[in-house]
Structures are given as structure tokens and as C-alpha cells.
Amino acid sequence: MSQNLPYTQSPYFHIGRASELEKKSDRLLYRFLEMVPALLSWGTILGSIILAYFVPVAAAIFIIVFDLYWLLKTAYLSLHLYNNWKRTRHNTSVDWHVMLEPLKYEDIYHMVILPFYSESYEVVSKTIEAISKVDYDLKKMIVVLAGEAKAGDHAELVAERATKEYGNLFGHFFVSIHPAGLPGEMPGKGSNITYAAQQTRIHVLDKNSIEYKNVLVSAFDIDTVAYPKYFLCLTWYFLTAEKPYQSSYQPIPLYNNNLWDAPALSRVVAGSGTFWQMAQQERPDKLVTFSSHSINFDTLHKIGYWQTNMVSEDSRIFWNAFMAYGSDYYVVPLAYPVSMDANLASSFWQTLKNIYKQQRRWAWGSENVPYILFNFIKNKSIPLNKKIRITFVQLEGYWSLATNPILILLLGWLPVIIGGRNFNQTVLSYNLPYITQNLMILAMSGLMFSAFVFWTFLPEMPQHYGRGRKIFMFFQWLFVPVTIFIFGAIPGLDAQTRLFLGKYMGFWVTPKHRGKATQ
Amino acid sequence: MMTPHSSRTRFLYFIFFVLLFISAAPFILLYSMGYNWGKNFSILKTGGIYVYAPQNGVDVYVDNKLDNTTSIFQHSILVKDLRPNQYTIRVTKTGYLDWKKTVPVKEEKVAEVYPFLIPANIVTTNVPQQIHSTNSTTSALVVNTEYKNLITLFATSSKPKVPTTLNVSTSSNISASSTLPFIESKKVVVEKDGNILHALWQGGVEDTPFYFCISDASTCAKDFLVYSAPSIGTFDFYPNRNDILLVATGPKLTVVELDKRPPQNIVELYTSSTGESLDFRVVDNETLVVKEGKKLTKLSLVYAGQ
């Protein structure tokens, strides 16, 4: 880690959980901060129930005000979604060669790290195949296939086959096999890609005297398929960024690889994730790296790579950099997509279970809350107003995920049910269901726009599917009230409760399964 | 190159939505609580009346003005924005007797009414003791099975349709005079004391039905006098309702509602043609059977059409 970035030397910089801290007071503080997301969420839910029983009028007022807040928040996010949709349409049609013409980009290398565990060769191959077809000088592409020793022969066999098939297509094709059980590491993507990046530095960058500042690292998932102009777009944004070395670069995650084969619930959950990321892209001050993202290698090296002792390395790398640069670090939204797999398993029930587990892993991102708050307390170089704003944004984000669907779908009716006789005779009691229902219908009408946006991003339909499936791609959005509850609030609460109890989650690898059409 | 909106534009968006929230929230809240606009933009406190009509196609009038009509999807109607006052709700449906009730409306409160609809012309069917059994060659009088089945309903052992004498040791909480005949439905007990029918509430205070709380909603009565008439015989709840009674008084079968807000709707359903005292039983949700001596007559509670 860099001497130029003093906070990277702090014992708190790469902290994963409370027990890793030496001082008891620090451990207690961090442990308390780990409890904050669950305290807020459970406090809201239980508080609403208690309020509905003892002061139903106050509970009804809270619910109506909350419904209005949710309606306006939906409209506000839809506005951003619309702006990003326009920008994405523009970015996917613009001639990036022309855009890059006035810029010197011939020296820019792209290191693409592809971590895999037990995924089939077909999944690995499709991702590398897509990179081999990108519109960028392949001599400047460094493809890193990052396997896990824990996967046994499988990793080596896949790597060997991929090297044979694709090894000569790129400037550099490097295979790293992450050893199992390195001290202080948690098995998962973070430890794997950190090992791979370090090995690539030694064996590729240093060996070939490639300047770190000229290398953009893209940490992909093994199912991340890059569209042909992706690296041109990324290069342009890097070269035109206000602070290129103090920025991460975030594409929009689409889940188009197997979209036609995935069940409706899986598509809706995946699409909702895409919309959230699109809306965030229009609010760069709130954007945090997620899933596949890019960063300059020099910056990555200086901040000590991805954390290896926690699950949510994709978002944590942003917070590491943010702390290291004293908050002078940014995420540049690319408004350009990459495509990944929607959840799909061999059976419908298994698909649902996988969706739940994936959503819970993403919701486990709440482990960033104690990290951020703790480092805000320790890091004096960050302005107070930024600390306050970010604290609010982060807490509100995780609180919303875990509580809003429950407040809207369940607790809106609670004062009527448990509010008692006196409350049930009030106009407020009779109006509460009507007002809630009408505000929610208004909010849900925004789904029409979501359905339209989703439609415009649909990949070509495989021939063996009929027109009915295409039409259902529109009406599937009626499942949203179900998905935000079962695959939003519940896994969100689950993850926060585990963090509250100190039952830390490990990294769960989402199984990649594709239907016949997309294999 | 298209870029995200500047932070200033985003801030303006944000402020716009915040202002929208701040300005809309008080209006929505006040409206939800029963406040409304009066003349010259004055703010009025209003109340409402909740009408639950058990059928679709029921017209609900407020002070003789049609307010709404129930549908297949909505049997309940909330009459909103009523200034505190007395209002008369009239409920009508073709083929049924009109139902009326005058209720007081208070600020921010909703008065409940649960109308019942009785067909204007009750269809009666005599159930003969014997019927002709005809085969290809002969015709003979045989016992009517339907009569045989229905008459068994009047045997004293037939429960639970028949009012029974209360066993003090098992239900001592019913009332002090718990040897009186009573009926019970969903914790509403109606007992007969001579020529008087009393209603008693056996549930918790919070769940007290509205008709126990007519005089003062905050302090509901535990019991009240429902009906008095000479020679009250059999009494039972109207099918599917615990706020309406069927009462046999001498030669008459009468429907009496427990809701005593004026007018307490009391409808004569059937009168014995012979003038002798009658007895009755509820057969199912739509049918009663009346017994006058040995004569049995079935009454249909459903409008039979033109």
C-alpha cells in the first residue's frame, strides 16, 4: 500500500469485522456499528406495530406520509431512470473511435480479470469469446483467468483448455490459480481477484514494463459479457475523467445472457437491479461500484487491492479508495451496459432459492455500514458535511431495502386490524386503506415505464419461443409487489439480522446455468 | 457527449420533489382525517357513514339523495364528507322492503349501519304431511319425507337451532339469571326474560359490536333491552347475522334488529292464517320453516323475482 496515501497504512483501512480490531473499545464500537442497520430496520418495523396498537392514529399518519414519500421517491428515481435510458441509448450508438480520435489512447491497456470457481467451460468460454470480439486492439488486452485451487483439477483443466483456445488472441493471457487457505483470507471473489491482480502485476506488467497508470483493470464476473464497444467507451471515460486515477468506472449490469430462459420472477428481480443501477448512474455522488467495475491499476495497487477478508469486495473497493483519498474519490457512470446471467437453475424452486441467496449476498453489502461509519470516526481528513451526507444516504439505502416493502404491503393495514374500536370508528381508519391503495396504484403505474425500458434492452428472442413469451415480458412487471417483498425486504432483513447477531456470511457463488438457447 | 445532469439540476429536482412532498402531505393527511373545504376556502371537519349492504345492486340514499349503488365487487359504501348532523340512510333494492336508519354523524368519526333486506313478498310453500305416490297402476297417500325431516327440527333435542335452558354450572358468566332461555352467536347472547329479550356481549371491550355502543361509543353497554312483546316464543338469529333476530310472538313471526337507533326496524315476516301460536326453525341461509299446530310452511328469504 502506498506511502503517498497515509490512511492506507491505518490498521482500520482493510478491516473486515469487529473481531479483527485490536483495541477493545474499537471492537465494541465496530460491533455496535454492525448492529446499526438491523436496529434501524427492526426498530421501524416493530415501532410501527407497537404504534399501530397503542397510538393507531399516529401510526396511520406515519403510514400515509410514508406512502406519499415512497410515491415521490419512485417518481424521482423514474426521472433518473429515464435520463439514464436516454444516455445509454446514446452511448450504445455513438462512434467511439471518433470520440477517441483527439485523445491519445494507444498506450492504454485493459486488464480483464475473470474469476471462476466451478463454472463450466462453456460459461468461461462465452465470456472470453466476447472479449476476443471487442472493438479494441487485442494486443492491449490482458485477459486474466483466475481460478481457485479449492476447485481441484477443474480450475486447471478449464484454464488449460481456455489457454489453448484463446491464449494467442490477446496481448497477454494469464492464468492464476488462487491457493486455498491463505492466512487472513475469506474464500470468495475478493481474495481470488486480489491474488490474480498481484500475480499479473509481477508476471505480466512488471515483466513487460507496462506502466501501471496505463492499465485499466476490469473486475468482471465469469458470466460478464462485454459488448463490442465496451472497452472503447471505458477508455474514453477514463481519458476524459476529471480525476481519472481517483475514479472507478461503473457499467450498467444487464442480465441478458440467459434472459429468455430465466423464469419471470428471476427476470423481474434482475431487471429491478438494473433499474436501480441506472437510476444511481444519474446520481454519481451516490454511486458506488457494484459487481463488474473498472479501476486504474496504479490506484488499485496503491490502495492494496480488493479486501480479502469480507464478502462485498465490489463496493468495498470504492470505500477503500474513498477513505484513502480523503473522500476525493469518485465513481464515473459509463451509461454503457455489460451483460450477465439472470438466476436460472435446473428447477424453478432452485432458481427461487438462488435468487434469494444472491439477493441476500448483495444485501450483505450492509457490512459496509460499520466500515464507513467507523472510518469516518477515525479518518479526520474527510469533511464533516460529506460524512453526514454519506451516512444518511447509506443508512437510508439499507433501511429502505429492508423496510419499505414491508411498510407498504403489510403494515399499511395494521392500524385498522389492531388499532382497536375507537380508532376503527374514525374517518382516518376508513380512509387509510383507500389512501394507501390509491397512492400505491399511482406508484405502480410507474412500472409501465420500467416495462418499456426493459423491453428496449431485450436481446433477440430465440426462435423456439412464441410471441406469448415476448408479451409476457411486459406483464411480468405485475410481480414487482411480490419480488420487492420476497427478494428485497426479506433477504435484506435476513442479512442485516445476521450482521446484528455477528453471524457473518461467507461468499456464496451464484451457480451459472443456462438454457439450451443460450449455451 | 451526454452527461448526467449537473449537481445543480439534480438539486433542483430534489427540491421540487421535497416541496411537492411538503405541500401535498398536509392536504392528504387532513383529507384522510375527515377535513374538507367549505365555502370561502374554510376548512370543515366532517365525518361519514359506513353502509354494508349484503347484496349487490343496492341503492344507498342519504337524506333521500342517491349516494351510491353496491356492486358485485363492493358491498360496502363509505359516505364521506358529511358535516356533523343527523342523517337518514335509506337502502332500497327492487323486490325488497326499504330499510331506513337515522344516525348521528360526528366530526372525524364514521357511523356504521348494516341494513338487512327482506323480500317484499315472502314466498311460502306448504309442506303437506302426506303426498300422493303414483306408479303406473295405483295412486296412494304416503308420508312426505320432507315433512318428516322438517318436523324433527322442532323436537326439543334438536340443537343448536332450538333455544335451550342454560346450565348454570357450565355458563355461569352469561348473566345472573342464567336459567333463562338464550341463544348465542359470535359472543352475542340474547336471552328471554318473560316478555323481554336482552342482548349481552360476552367478548372483550375492544371488540364490542357497535349496537352495544349507541348511547356512548366510548363506554359501551354490556347488555341492553332489545325487544319486548307479549307471549314471546321461539327466537333465533337471522341466518348469517348476529345483529338481527327472528322472534315468534303468538301467531306472528317478526324480524327484529338489535340496532336500536331510530327507527328500530321490526318487520312482520309471517302471520298464522289460523291465528294460533306459531313456532319456527331456521333450515338454511335462505329458508325458514314455520309450524302452526301440525301444519308446516316453508318461507324463502330470497326475492323470487317477478
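This is a predicted model: local features need pLDDT of at least 70, side-chain atom pairs count only at pLDDT 80 or more; totals for chains, interfaces and linings use all residues.
Student: Which residues touch the most other members of the largest nonpolar core?
Tutor: Ile113(A), Val144(A), Val217(A), Ile49(B), Val51(B), Val190(B) and Leu245(B) do, in a core of 199 residues. A nonpolar core here is a set of buried Ala, Val, Leu, Ile, Met, Phe, Trp, Tyr and Cys residues joined through C-beta atoms within 7 Å. Buried means 20 or more other C-beta atoms within 10 Å of a residue's own; exposed means 12 or fewer, partly exposed is in between, and C-beta atoms are placed from the backbone.

Student: Which helix gives the most to this core?
Tutor: Helix 2 of chain A, residues 56-91, with nine residues. Helices (H or I, at least four residues) and strands (E, at least two) are DSSP runs, numbered from the N terminus.

Student: How many residues does each chain bring to the contact between A and B?
Tutor: Chain B brings 27 residues and chain A brings 29 residues.

Student: Which element of chain B gives the most there?
Tutor: Helix 1 of chain B, with eleven residues.

Student: New topic. What is the strand order in the open sheet of four strands?
Tutor: The order is 10-24-23-22 in chain B, with antiparallel pairing. Two strands pair if DSSP finds at least two bridges between them.

Student: Which strands stand at the edges?
Tutor: Strand 10 (123-127) and strand 22 (279-284) of chain B. Each has a single partner strand, so one side of each lacks a neighbour in the sheet.

Student: How many bridges join strand 22 to strand 23 of chain B?
Tutor: Five. Within that pairing, Asp279(B) stands opposite Lys291(B) of strand 23.

Student: Where is the cis peptide bond?
Tutor: Between Pro262(B) and Pro263(B), with omega about -15 degrees. Pro263(B) is in the loop between strand 20 (252-257) and strand 21 (266-271) of chain B.

Student: And Ser209(A), buried or exposed?
Tutor: Ser209(A) is exposed, with 6 other C-beta atoms within 10 Å. Its phi is positive, near 50 degrees, though Ser209(A) is not glycine.

Notes: Residues are numbered from 1 along each chain as its sequence is written. Chains are lettered from A and ligands numbered from 1 in the order in which they are written. Two residues are in contact if their C-beta atoms, placed from the backbone, lie within 7 Å.
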